Amino acid sequence: MDIGSILENVKEANIFIQLGTVFIVSLVPFLEGYVAASVGIVIGFPAIPTIIAACFGNWISVMAIIVLYEKLSRRRKAKQSGGHSGKRMERARNLFNKYGVPGVALIGPLIFGHHIGAFISLVSGSSKRYVTLWMTIGILVWTIAAGALAAVGIDFVSSLR
């Protein structure tokens, strides 16, 4: 069963079920908010509420990864004896924090998605706050752009008839 058939099954349902389904689909890694929003709009769901539901669902699941990583990281650090990272590792982390997270948040969805991008950013030493900010921006940019393109594409195709 694919995303299109899942959303197609709720096409005739009320708007809350439609948006709830888009929300649930956008929670799934690799489907992401931009896929759920696009497919929902193409099927005929209202554009703006669909984009909002997809953004929120994708954001919630990425934030869950960030929170879980932080909790696991604290436990791991509590069990480890105090190790010291070298100057090179510290510089690499600083460079990744400065340039890497925005790139992962904005370009990463083409390659591996927001969920893995958030995890990679955290493992690389980026701060939770910085990853949260850039993943939020990335989710908003991708989902709004994909939803808007889907809506414009439907309007364009409709005007050709």
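**Entry 1. Terms and overall view**

I begin with a term: a residue is buried when its relative accessible area is under 20%, and exposed when that area is over 50%. I note also that the model I consulted is a predicted one.

I looked up the secondary structure of the protein chain and found 7 helices and 0 strands. Along the sequence, the chain follows the pattern α-α-α-α-α-α-α. Of its 161 residues, 35% count as buried. The chain exposes about 9,700 Å², and carbon and sulfur atoms supply 69% of this area. I then turned to contacts between residues at least 6 apart in sequence, and recorded that 74% of them join residues at least 24 apart.

I located phenylalanine 30 in the loop between α2 (15-27) and α3. Its relative accessible area is 59%, so it is exposed.

Is glutamate 32 buried or exposed? Its relative accessibility is 1%, which is under the cut-off of 20%, and therefore glutamate 32 counts as buried.

I next examined how the helices pack. Two packed helices are described by the angle between their axes and the distance between the axes.

The axes of α2 and α3 come within 7 Å and cross at roughly 150°. The crossing in which α2 passes α3 is right-handed. From α2, the residues in this contact are Val22, Val25 and Ser26, and from α3 they are Glu32, Gly33 and Ala36. I sorted the residues of this contact into 3 nonpolar, 2 polar and 1 charged.

**Entry 2. Helices α3 and α7**

Which way does α3 run relative to α7? The axes of α3 (residues 32-43) and α7 (residues 128-160) come within 8 Å and cross at roughly 20°. Because an angle under 35 degrees counts as roughly parallel, α3 is roughly parallel to α7. The crossing of α3 past α7 is right-handed.

On the α3 side I listed Gly33, Tyr34, Ala37, Ser38, Ile41 and Val42; they meet Trp142, Thr143, Ala146, Gly147, Ala150, Ala151 and Ile154 in α7. The residues of this contact comprise 9 nonpolar, 4 polar and no charged.

Leaving aside neighbours within four places in sequence, I found serine 38 in contact with Ala146, Gly147 and Ala150.

**Entry 3. Helices α6 and α7**

Finally, I looked up helix α6 (residues 113-123), whose axis comes within 10 Å of that of α7 and crosses it at roughly 160°. The two helices are therefore roughly antiparallel to each other, as angles over 145 degrees count as such. α6 passes α7 in a right-handed crossing.

In this contact, α6 contributes His114, Gly117, Ala118, Ser121 and Leu122, while α7 contributes Lys128, Val131, Met135, Gly138, Ile139 and Trp142. I counted 6 nonpolar, 4 polar and 1 charged among the residues of the contact.

Terms used:
Residues are numbered from 1 along each chain as its sequence is written. This is a predicted model: local features need pLDDT of at least 70, side-chain atom pairs count only at pLDDT 80 or more; totals for chains, interfaces and linings use all residues. Side-chain values use heavy atoms; hydrogens and water are left out. Axes are lines fitted to C-alpha atoms, for helices over the stretch in contact, and angles run from 0 to 180 degrees between N-to-C directions. Helices (H or I, at least four residues) and strands (E, at least two) are DSSP runs, numbered from the N terminus. Angles under 35 degrees count as roughly parallel, over 145 as roughly antiparallel, 65 to 115 as roughly perpendicular and the rest as oblique. A crossing is left-handed if the near helix is turned anticlockwise from the far one by less than a right angle, and right-handed if clockwise. Contact means heavy atoms within 4.5 Å. Ala, Val, Leu, Ile, Met, Phe, Trp, Tyr, Cys and Pro count as nonpolar, Asp, Glu, Lys and Arg as charged, and the others, Gly among them, as polar. Buried means under 20% relative accessible area, exposed over 50%, partly exposed in between (1.4 Å probe, protein chains only). Accessible areas come from the Shrake-Rupley method with a 1.4 Å probe; for residues, only the protein chains shown count as cover.
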